[in-house]
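Please brief me on the fold below. Start with the chain as a whole, then go through its parts.

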Amino acid sequence: MRKPAASGRCLPRLFWFTVFALIVSGPGCGPAKKVANAKTSNVSPSPTSSPEANANTIGGASIPVDAGGPADTVRVFYTHLRERRFREAVFLTNLRPAVEGLTDTELREFSLDFEKIAGRVPAVIEINGEIISGDLATVTANLPAEDEDKNEIQTIRLRSENGIWVILTVEPAAEARIKKEGKDYFYNLKIETHEEEARVMLERISKAQLAYSLQNGGDYADLAKLVEGGLLPEDAMTSDSTGYNYEIHLSSQNKRYSATATPAAYGKTGRLSFLLLQDDKGISRVTSRDNGGKSLAQ
């Protein structure tokens, strides 16, 4: 999995997939290295755990997974995710301050994205190892990779706080930001993520228009044609997942174009408005500014 940025965010860019990526590939996670004499266990996601119930054999190796221990915390976290207990899942991570202030109504605003996350969690979480060193621990598990059709061994770091193991999903700087912003953190992160995605989508529109014009005598196309031709994703047609409305403006002869990305709900899904505009040489560039939620259409 790719290393996250210093802000605690990483790709894919769609908001709650970003959060999911933080959880499974943040600074506490990554491709596992082989560890000599590491304990291994295959743990099914039952609601409760005990050393006797969760000691299973894989390749001749067997370990107990202690109730409340690091491996059990990872197992319970993914069980909560899969069973749509999202608040309980995040409470097991150092993202907790960003969730504990949210009301149930506010949390439901993110339910669609949470559902997408839950759909990626396998029915059985295969725990491959656990190493405890004082108040720190690492757990290795077979988890979904960036390629949704594959799994890979990931290393998850945890920290003991007052005898409770907490999954470390973000760097210290991001953790400090979360403690400062509280429940506003997720809202701010959502805006930042959507703004980043909007810029990328306009860059994709520029490439799509170039490909289309090469195949159509220099003419450019509207958004629907680019999507229909497979040059853009269907997400460009709706703000449901992107938080932005995209428009392409064509000249009367379809020989020039501009494109805009405007927040679907200013201050909630984004603050910046974006404009993709061709210069005199036909080179497209993206600019942006806070325009109060209004389009930058020229």
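**Chain overview**

The accessible surface of the protein chain comes to about 14,400 Å², and carbon and sulfur atoms hold 49% of that surface. Areas come from the Shrake-Rupley method with a 1.4 Å probe, and for residues only the protein chains shown count as cover. This is a predicted model: local features need pLDDT of at least 70, side-chain atom pairs count only at pLDDT 80 or more, and totals for chains, interfaces and linings use all residues. Residues are numbered from 1 along each chain as its sequence is written, and side-chain values use heavy atoms, with hydrogens and water left out.

**Composition and burial**

- The protein chain has eight helices and eleven strands; these are DSSP runs numbered from the N terminus (helices H or I, at least four residues; strands E, at least two).
- Of the 298 residues in the protein chain, 47% are buried; buried means under 20% relative accessible area, exposed over 50%, and partly exposed in between (1.4 Å probe, protein chains only).
- Among contacts in the protein chain with a separation of 6 or more, 53% link residues 24 or more positions apart; a contact means heavy atoms within 4.5 Å.

- Four strands form an open, antiparallel sheet in the order 8-9-10-11; two strands pair if DSSP finds at least two bridges between them.
- Strand 8 (244–250) and strand 11 (284–290) are the edges, each with a single partner strand, so one side of each has no neighbour in the sheet.
- From one strand to the next, the twist averages 15 degrees; axes are lines fitted to C-alpha atoms, for helices over the stretch in contact, and angles run from 0 to 180 degrees between N-to-C directions.
- Helix 7 packs on the sheet and touches strand 8, strand 9 (257–263), strand 10 and strand 11. Its direction makes about 25 degrees with that of strand 8.
- Strand 10 (residues 272–278) and strand 11 run antiparallel, joined by seven bridges. Leu272 stands opposite Asp290 in strand 11.

**Helix 7**

- Helix 7 (residues 184–215) has 32 residues. From first C-alpha to last it reaches 47 Å, close to the 46 Å expected at 1.5 Å a residue; the expected span is 1.5 Å times one less than the number of residues.
- Gly217 follows helix 7, with a positive phi near 60 degrees.

**Strands 6 and 7**

- Four bridges join strand 6 to strand 7 (residues 164–167), and the two run antiparallel. Arg159 stands opposite Val166 in strand 7.
- Their hairpin has two residues between the strands, and Asn162 there takes a positive phi near 55 degrees.
- Ser160 lies in strand 6 (residues 151–161). Ser160 counts as buried because its relative accessibility is 18%.
- Ser160 touches Asp135 and Trp165, not counting residues up to four places away in sequence.
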